[in-house]
Amino acid sequence: MNEEDLLRRATEERDNIVSRYARGREEGAPIDPWEDPGFEIYHATDRYGFIHDNRLPQKADPHELRLRQVEMEREKKWLKMLKAWGQMSTTEKLRRRIYKGIPNSLRGQAWSQLLNIKTVKEAQEGKYEEMRQLAWRWSPEIRQIDLDVNRTYRDHIMFRERYGLKQQALFNVLGAYSVYNLDIGYCQGMSQIAALLLMYLNEEDAFWALSVLVADKRYTMHGFFIPGFPKLLRYQEHHDKIMNRFLPKLKKHLDKHGVDTGIYTLKWFFQCFLDRVSHLLH
Amino acid sequence: MVEPIFDYQFRLILIGDSTVGKSSLLKYFTDGKFAELSDPTVGVDFFARLIEVKDGCRIKLQLWDTAGQERFRSITKSYYRNSVGALLVYDICNRASFEHIPLWMMEAKRHIEPHRPVFALVGCKLDLANSSNRREVSLEEARAFAEQNGLHHVETSAKSGVNVEDAFRLVTQEVYGRIQTGEYKVEDGWDGIKTGFQRPGGLDFNLIEAEPAKSTCC
């Protein structure tokens with residue numbers, strides 16, 4: 001295109017835009033639904049990205065407002081901690097603050113630090129890409145992964161769209177992991193953990209985060225996911241013992257009504273309390 | 001006690017391949033709603049509902065939902081033992097899920113032994129099969145298999161709700177029938193069938209061994 005054409009096109013474009021504003025909303029202005037604040041999804045999506053069936057209240061209630069206030073205070077503290085991570089990373093204060101809930105805006109950073117992702121990733125540069133490629137060609141778990149990606153956190157705005165960006169990322173992370181750790185392959189339950197990581201981390205970081213959770217001495221979720229679930233059974237036995245010892249009445253009551261430990265502790269141990277504590281606390 | 005009044009409690013288990021629609025079936029049956037989005041079931045999940053059988057007897061159903069992925073069988077198998085009925089669930093639009101039904105049935109029989117459970121073969125996603133012509137398992141074929149193996153059969157849709165109620169009702173009615181003929185008994189240490197808490201009148205008649213109960217309990 002020569003200069004004259006370019007100029008003409010720019011002029012046309014400008015006139016077009018100017019005239020749209022001059023006409024205003026009336027006379028059938030072409031507007032996509034999402035361009036207006038009336039777009040329903042804006043009103044039903046909470047601050048974490050979960051889409052609800054009904055419109056959320058316009059004004060946050062006093063309780064909610066107070067929580068946000070508290071979170072803003074925590075943000076300041078966390079920013080300080082993240083700057084001085086070297087000295088902070090093992091303190092009791094950090095531990096306490098994690099249990100109170102990492103502020104939403106800093107979760108990605110905090111998780112990266114806690115799981116030491118940068119170092120782990122650098123030590124195995126190129127590995128993720130290699131695994132991803134390998135998975136596309138060879139992973140025997142692709143079928144189950146596909147089934148589960150299609151129904152993992154579909155009520156979250158990032159995973160809402162079939163084959164959307166984060167669904168692609170989730171598929172890749174789980175596929176790559178299934179060939180990276182052949183003892184585990186893919187186990188149902190991992191898709192939600194990986195998806196939660198992906199809400200705050202990019203694809204490759206989420207992969208390494210999952211890897212650290214499974215293999216690192218501090219977390220060793222390996223025993224949860226390998227066939228037979230040895231670690232899960234051990235945790236549940238232990239939980240029973242604690243209940244019998246410290247809450248015998250409650251334990252008896254639960255037993256009497258057939259509420260066995262396996263039912264209600266599975267998501268606690270197996271999936272890091274996901275879906276069982278408020279998203280606020282993750 | 002604040003528990004709802006019921007005469008018996010039956011435990012049923014739902015088994016079948018991954019994503020055939022076990023959880024959606026249960027969701028509709030207990031909640032009356034179709035879940036457009038539902039997370040994969042990890043391990044086992046639990047539902048309950050009260051229904052009435054033909055003579056007005058009230059039955060509380062405890063329903064165990066299970067993960068379809070093969071490796072979870074080591075967990076789910078401990079839930080078979082205390083079940084009196086099993087719904088063998090397949091997806092009408094997924095041939096393989098139907099072909100695996102005999103395996104699921106064997107698995108259930110093996111773990112429920114020495115008890116003899118009531119089985120129902122339940123096809124899911126009838127709406128999908130009808131609307132977009134994606135049926136991969138014909139009604140005749142499924143029915144033939146069910147007859148051969150002495151199972152109830154029903155095709156359901158958890159979207160429209162068609163036959164969902166029937167699937168559970170068939171099994172419940174049969175279990176109840178078998179109690180009345182004396183084939184099933186309430187046993188200590190087995191939770192497949194339990195008596196309710198609030199009607200002492202109905203409590204003990206089936207504890208008497210092998211004596212068929214002719215009275216109704218209500």
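Both faces of strand β4 of chain B are covered in the structure, with B:G85, B:L87, B:V89 and B:D91 buried on one side and B:A86, B:L88 and B:Y90 buried on the other; buried denotes under 20% relative accessible area, exposed over 50%, and partly exposed the range in between, for a 1.4 Å probe and protein chains only. The model is predicted, so local features require pLDDT of at least 70 and side-chain atom pairs pLDDT 80 or more, whereas totals for chains, interfaces and linings use all residues. Residues are numbered from 1 along each chain as its sequence is written, chains are lettered from A and ligands numbered from 1 in the order in which they are written, and side-chain values use heavy atoms, with hydrogens and water left out.

Because seven of the seven residues of β4(B) (residues 85–91) are buried, this strand is largely enclosed by the rest of the structure. Helices (H or I, at least four residues) and strands (E, at least two) are DSSP runs numbered from the N terminus, and two strands pair if DSSP finds at least two bridges between them. Four bridges connect β4(B) in the parallel sense with strand β1 of chain B (residues 8–15), where B:L12 stands opposite B:G85. Strand β5 of chain B (residues 118–124) also runs parallel to β4(B), through seven bridges, and B:F119 of β5(B) faces B:A86.

A nonpolar core is a set of buried Ala, Val, Leu, Ile, Met, Phe, Trp, Tyr and Cys residues joined through side-chain atoms within 4.5 Å. The largest has 94 residues, of which A:M190, A:L197, A:F225, A:F270, B:L88 and B:L121 touch the most other members. Helix α11 of chain A (residues 190–200) supplies the largest share of this core, nine residues. A second, separate core of 34 residues includes B:L12, B:C57, B:L63 and B:V171. Contact being defined as heavy atoms within 4.5 Å, A:F225 meets A:I184, A:C187, A:M190, A:I193, A:V214, A:F270 and B:R71, neighbours within four places in sequence excluded.

Aromatic rings of Phe, Tyr and Trp (its six-membered ring) pair if their centres lie within 6.5 Å, with planes under 30 degrees apart counted as stacked, over 60 as edge-to-face and the rest as tilted. The count over all chains is 25 aromatic pairs. The ring centres of A:W111 and A:Y200 are 5.1 Å apart and the planes lie at 70°, so this pair is edge-to-face. It links helix α6 of chain A (residues 107–114), which holds A:W111, to helix α11 of chain A, which holds A:Y200, across 89 residues. Both A:W111 and A:Y200 are buried. One aromatic cluster includes A:F224, A:F225, A:F270 and B:F72.

A:Q167, in helix α10 of chain A (residues 165–180), is buried with a relative accessible area of 2%. Its side chain makes a polar contact of 3.0 Å with that of A:R162; a polar contact is a pair of N or O atoms within 3.5 Å, and within protein one must be able to donate a hydrogen and the other to accept it, residues adjacent in sequence counting only if both atoms are side-chain atoms.

B:R135, in the loop between α5 (126–131) and α6 (139–149) of chain B, is partly exposed, with a relative accessible area of 30%. Its side chain forms a polar contact of 2.8 Å with the side chain of B:E155 and reaches the backbone oxygen of B:V137 at 2.9 Å.
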